[in-house]
Amino acid sequence: MSFNRRQFIVAGVSATAGATMGVLPSVAFAASDLSQEAISTFTGGVEPGEGKITLTAPEIAENGNTVPIEISVDSPMTDDDYVAEVMLLADGNPAPGLATLKFSPMSGSAQASTRIRLAKTQDVIAVAKMSDGSVFMTTKSVKVTIGGCGG
Amino acid sequence: MQIKSASRLVGRALLLPTLALSFSSVAFAGPDENQLIIEGETISTDTKAAAGNPLPHLYSGWRFRSIETQALQADDFENPAFTAVDTGEELWNTVDGSAGKSCSSCHNDAAESMAGVRAKMPSWSDSLGKPHTMETQINACREEQMGAEKWKWEAQDMLAMTAYVGLQSRGMPVALDLEKGEMQDWHDKGEDLYNTRVGQLNLSCANCHGGNFGKMIRADHLSQGQTNGFPVYRLKWGGLGSIHRRFKGCMDNIRATPYKRGSDEFIALEVYTANRGQGLSVETPSVRN
Amino acid sequence: MAKIKPRVKVPKTASAGDVITIKTLIKHKMESGQRKDKEGKVIPRKIINHFKVDFAGKTVFEAQIQPGTSANPFLSFSVKVQESGEFHFTWTDDDGSVYEAKKSIAVS
């Protein structure tokens, strides 16, 4: 992953903030401004924690137009304790929004698969909001290749 | 045997790369050993080439794709081409044109009447005086039997119909009849085109898909360019496309002026490439990158 | 062109308490609003923006879909079934069109 200057500064600041606040370093992932905005709107400012959420995506996508991804969140999925929503973002897309999935205790299991568009090699972000308001986040880097003759 | 030939390809593909590079390339070289099982039915994805075929062993393009792309074809629900198959089935039973007929008026159940058809295409037509492709055959039916307007080569309805009809031959070996009419001449014309360098990149089909399949051309894993899975759902297109669309795409990529879909040149090339895959299983509708 | 007909896969039967997997696929271009035509003009966005699954009067799964979702949107997800009933699937297009599908399951 390459950083531009501003992202690097943001990463540095949030890493420092994370360290002082005792938040795990993975949270200091340097999302783009657009993604940051979407994440904070989604979480309502709650700092995302690490773990619980698994994002499966190919390491290398043969074509960015259709990239299969799967998310699953570790949760008992009972009436009192379930995954409410999962937001999926493509950090490097001109418009990062992929989809927001809403689960319910009737889901039984908080897992879903879909297919997404990735404009270039980038990180896919998944943020899960639990019924108690806590938030978990993970990212996965996907390399997007271009055909042999540029086609 | 397959593994051995694959590693020979690797040897040739890598001249003096670093050790690290060679490892990453090895992971991509040659066709893989995965098995295509769709709805419990095993579809063979390689076969020994018939005598006279320039390729020693034939591999379906499926064997050169990533595991994620392969998975999309291994399940008829996951395969997005099946939305078109559904449409094709509907069209099969829909009356269209002045004769008040549908495909099923004459051909009844496609599962029976169309089984094996895709495997034989292109096939010689006396009335046409040249080979019929799936597309021209369907349009001949529409115009002559149904009194319906013909579909454009790449129309959604046409793709839906070629996918639906093609599916009825899935798993059957490609078997063109070159003895009929002037098929051999069309084949030979196609072979010439296949081996002729064109475009600013000065490449022929054979340059990539003949001696160099299995190697990486930049980030793309070169297949043998087989046509047994068409129409194909390409991830890049986000939809189905015909053999001629793929030919055109290749020609565009090598900065050549492409022939038109349905042109004699592309029909000849289709005859040659189809016959070059003689014995491979029909995979229509396949999924590729 | 034939009208948009969604594809839905639901197991025909299940035991009470089973967590089943449902798969859905709908034919749609999902025009992102990011592309330009030959004249350089932006092609207006036209996507399926919402998907909902109801069972026994309750929404069991829902998705807000954005332009980053691929053409012919595919979604697979889980549902815990306790009783027989009918799933009702609804896709909503940017142009206001609604595409629907229904599928029953027998739970014993």
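**From one loop to the interfaces**

Author: A:Lys52 lies in the loop of chain A that runs between α2 (33-43) and β1 (53-56), where helices (H or I, at least four residues) and strands (E, at least two) are DSSP runs numbered from the N terminus. The model is a predicted one, in which local features need pLDDT of at least 70 and side-chain atom pairs count only at pLDDT 80 or more, while totals for chains, interfaces and linings use all residues. Residues are numbered from 1 along each chain as its sequence is written, chains are lettered from A and ligands numbered from 1 in the order in which they are written, and side-chain values use heavy atoms, with hydrogens and water left out.

Most residues other than glycine have a negative phi, and most peptide bonds are trans. A:Lys52 is not a glycine, yet its phi is positive, near 70 degrees. A:Lys52 counts as partly exposed because its relative accessibility is 42%; buried means under 20% relative accessible area, exposed over 50%, and partly exposed in between (1.4 Å probe, protein chains only). In chain B, B:Glu39 also has a positive phi, of about 50 degrees, although it is not a glycine. B:Glu39 sits in the loop between β1 (36-38) and β2 (41-43) of chain B, and it counts as exposed because its relative accessibility is 52%.

Chain B has cis peptide bonds to set beside these. One joins B:Phe230 and B:Pro231, with omega about -5 degrees, and B:Pro231 belongs to the loop between β8 (220-221) and β9 (232-234). Another runs from B:Thr284 to B:Pro285, with omega near -5 degrees, and B:Pro285 is in the loop between α13 (264-276) and β11 (286-288).

Turning to the interfaces, 24 residues of chain A are in contact (heavy atoms within 4.5 Å) with 28 residues of chain C. Chain A and chain C bury about 2200 Å² between them, 47% of it on carbon and sulfur atoms; buried area is the accessible area (1.4 Å probe) that two parts lose on being put together, summed over both. Zero salt bridges are found between chain A and chain C, a salt bridge being a side-chain nitrogen of Lys or Arg within 4 Å of a carboxyl oxygen of Asp or Glu. On the side of chain A that touches chain C, β5 (97-102) and β6 (110-116) each supply at least two residues. Three bridges join β6 of chain A to strand β6 (residues 74-81) of chain C, and these strands run antiparallel; two strands pair if DSSP finds at least two bridges between them. Within this pairing, A:Thr114 has C:Leu75 as its bridge partner.

Two salt bridges are counted between chain A and chain B, including one from A:Arg115 to B:Glu78, whose closest N and O atoms are 3.3 Å apart.
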